[in-house]
Amino acid sequence: MSALEAARIARLSDSAYYIPDFITEDEESKLLQKINSVPPPRWTQLSHRRLQTWPSTLSKSNTLLSAPLPAWLQDPIIHPRLEALGCFADSPHQGPNHVLINEYQPGQGIMPHEDGPAYYPLVVTVSIGAPIVLDIYEKSGGGEESGCLDRTPRFRVLQEPRSLLITTAGLYTQYLHGIEERLRDEELGREGICNWELLGNAKVYSAGFYDRKTRISLTYRDVLKVAKVGNSMRFLTAGR
Ligand SMILES: O=C(O)CCC(=O)C(=O)O
C-alpha cells in the first residue's frame, strides 16, 4: 500500500487510510441520483437505517452469486481510482465484488459490530451527502454478542462527504465499529478525531460540532466465496 502512505491515519497504526475529496462534487451528485432512483424494492428498510446490497445479498453460507457490479458503482471509484491505489491487489479477486449502500437520516446509526469472515479483511468506504463520525471500539474480550463491549470509543474517524476511508488489518479483526444514533456530532478537533490532520477542510468543523444531515456510505468489499450461476443451478437441481 505504498501509494497510500500519505493517507495513513497515524494514530491507527497501519490499519487505516483516509483520502478527502476522493470523488468530485459532480460525481457525488451522479451517485446520489443513481442511488435515489433505484426501484423501491432495492432498499431494505432496517430499524435504524436503510440499505441497498449490490449485486445481491450473500447466501446463508456467506456465498455471493457471481455477477458484475453495475457500471455506476464501478466507474470512477473502482476504475481507475481504487485500482490506482492498489488496495485490493492482494485480495482473492483482486478487486471488490460487493457493495453495501447504507443511508442514515439524522438520529440514525449502526450498532458496533465487526464485518466478519465473509469478506477479505479490507473495507473501502466512500461517504456522500454529509459528514459522519465513525466510532471504533475495543472488543474487550468477547465482542458485541457477549455484551463485553466498552461503550467508550477508542478512536473516532470523521468522514467528510466525498472522502474515502480504508480499514484493514488489526482494525478489521480486533475492533468493532459503529455510528452513534444522534442528531449532532460533537467534540470535533485534533484531540478527539484521529484523522483530523488528514481532513480536506477542517475549518468547516472549527465550531467543534455539526448537525447531522442525510449521509450515505458505499462500502466496497471482496466476498471470499463466490459461486458461478452454472454451479449454483447444479446445486439447486441436485437430488431432484
Ligand atoms: O456507513 C458506514 O460508514 C459503516 C457501514 C458499516 O459499518 C457496514 O456496512 O458494516
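This is a predicted model: local features need pLDDT of at least 70, side-chain atom pairs count only at pLDDT 80 or more; totals for chains, interfaces and linings use all residues.
Let me zoom in on one pair. Strand β3, residues 50–54, runs antiparallel to β5, residues 98–104, and the two share five bridges. To give you one to find on the screen, Arg50 has Glu103 in β5 as its bridge partner.

On to the ligand. What's around it? Quite a list, including Leu100, Asn102, Tyr104, Ile110, Asp115, Thr125, Ile179, Arg215 and Arg221. His113, His177 and Ser217 are also around the ligand, and I'd like to go through those with distances. Ser217 has a side-chain N or O atom 2.6 Å from a ligand oxygen. For His113, the corresponding distance to an oxygen of the ligand is 2.8 Å. And for His177, a polar side-chain atom lies 3.0 Å from a ligand oxygen. How much of the ligand does the protein bury? Taken alone, the ligand exposes 300 Å², and the protein buries 94% of that.

Two more residues before I stop. First up, Asp211, in strand β13, residues 210–211. Buried, exposed or partly exposed? Its relative accessibility is 41%, so Asp211 counts as partly exposed. Leaving out residues up to four places away in sequence, Asp211 touches Leu183 and Arg184. Arg184 is 27 residues away along the chain, yet the two C-alpha atoms are 4.3 Å apart. The side chains of Asp211 and Arg184 also make a polar contact, at 2.7 Å.

Then there's Arg162, in the loop between β9, residues 155–159, and β10. With a relative accessible area of 17%, Arg162 comes in under the 20% cut-off, so this arginine is buried. What does Arg162 touch, again skipping residues up to four places away in sequence? Among its contacts are Pro20, Asp21, Phe22, Ile23, Thr24 and Glu25, along with Glu28, Ser127 and Ile128.

That's my tour, thanks.

Notes. Residues are numbered from 1 along each chain as its sequence is written. Side-chain values use heavy atoms; hydrogens and water are left out. Two strands pair if DSSP finds at least two bridges between them. Helices (H or I, at least four residues) and strands (E, at least two) are DSSP runs, numbered from the N terminus. A residue is near a molecule or strand if one of its heavy atoms lies within 4 Å of it. A polar contact is a pair of N or O atoms within 3.5 Å; within protein, one must be able to donate a hydrogen and the other to accept it, and residues adjacent in sequence count only if both atoms are side-chain atoms. Accessible areas come from the Shrake-Rupley method with a 1.4 Å probe; for residues, only the protein chains shown count as cover. Buried means under 20% relative accessible area, exposed over 50%, partly exposed in between (1.4 Å probe, protein chains only). Contact means heavy atoms within 4.5 Å.
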